[in-house]
Amino acid sequence: MDMSVVRVVVTLLFTVCHTWAQPRLNTVSTTITQTSGYSAVLNCQVHELGDAQVIWLGPSGMPLTFGRKRITTDKRISLEQPYSVDWNLHIRHVKPSDAGEYICKVDTSPPQTKRVNLKIKVAPTINHALSTKNPLSVAEGENVTLFAKPNNKEQPNFPASVTGETLTIHDISKEQAGIYECLAFNGVPPTAVKNITVNVEFKPIISSTNKKFGN
């Protein structure tokens, strides 16, 4: 066979194979958990992209990136490509409002999508407005309940002598006056702290000393 004919056949086969090659997106859904304030990288790999475009959509459904261009005005967001097949969405200094489902989409027909669920871990806080006021004054002998209301109850844990949102002291005495500390910790630093000063009002104690007078 004429070598020129062979070259033509090989060229045609390469062209046909290249034309038939379709983008391949890893569509397996993933979940990423990151701590508030840190960076999150949402992975998306596309092989044989060709002339197709990769689009990242945020939890609201609005596009964040188109190809290599950032569409959103949020400068914390960028597209990163450590390798040619990677179309990773990088979100710096994540915050609770960033949580939700992100979609990596390839505009083929039909479109191919990969869903990435981003969860944000947040350090606990104590709602002082809904907690026991500080300081607190009570009368001796009363039953006293101290209440500390955490804002984040995802994983509440109070590492103190009593675990829970409330501490009840029955028949309180003046010796139990002082500062009570509530700690809220869910594995994400820092620990939230609320101090409550308890003042115990008690009746005055009268003591007398008998003295004998004589000649």
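**A close look at Ser-131**

Mentor: The side chain of Ser-131 comes to 2.9 Å from the backbone nitrogen of Lys-149, which is a polar contact in the sense of a pair of N or O atoms within 3.5 Å, where one must be able to donate a hydrogen and the other to accept it, and where residues adjacent in sequence count only if both atoms are side-chain atoms. This is a predicted model, in which local features need pLDDT of at least 70 and side-chain atom pairs count only at pLDDT 80 or more, while totals for chains, interfaces and linings use all residues. Residues are numbered from 1 along each chain as its sequence is written, and side-chain values use heavy atoms, with hydrogens and water left out.

Ser-131 sits in the loop between β12 (126–127) and β13 (136–139), the strands being DSSP runs (E, at least two residues) numbered from the N terminus. Ser-131 counts as buried because its relative accessibility is 10%, where buried means under 20% relative accessible area, with a 1.4 Å probe and protein chains only. If neighbours within four places in sequence are set aside, Ser-131 is in contact (heavy atoms within 4.5 Å) with Ile-126, Phe-147, Ala-148, Lys-149 and Lys-194.

Turning to the rest of the chain, one helix (H or I, at least four residues) and 18 strands are present, and 31% of the 215 residues count as buried. Of the contacts with a separation of 6 or more, 59% are between residues 24 or more positions apart.

One disulfide is counted, a disulfide being a pair of cysteine sulfur atoms within 2.5 Å. Cys-44 and Cys-104 form this bond with their sulfur atoms 2.0 Å apart, and it joins distant parts of the chain, 60 residues apart, with Cys-44 in the loop between β3 (40–42) and β4 (46–47) and Cys-104 in strand β10 (residues 100–106). Both Cys-44 and Cys-104 are buried, and the disulfide is left-handed because the torsion about their S-S bond is about -70 degrees.

Definitions and conventions
Buried < 20%, exposed > 50% of the residue type's maximum accessible area, 1.4 Å probe, protein only.
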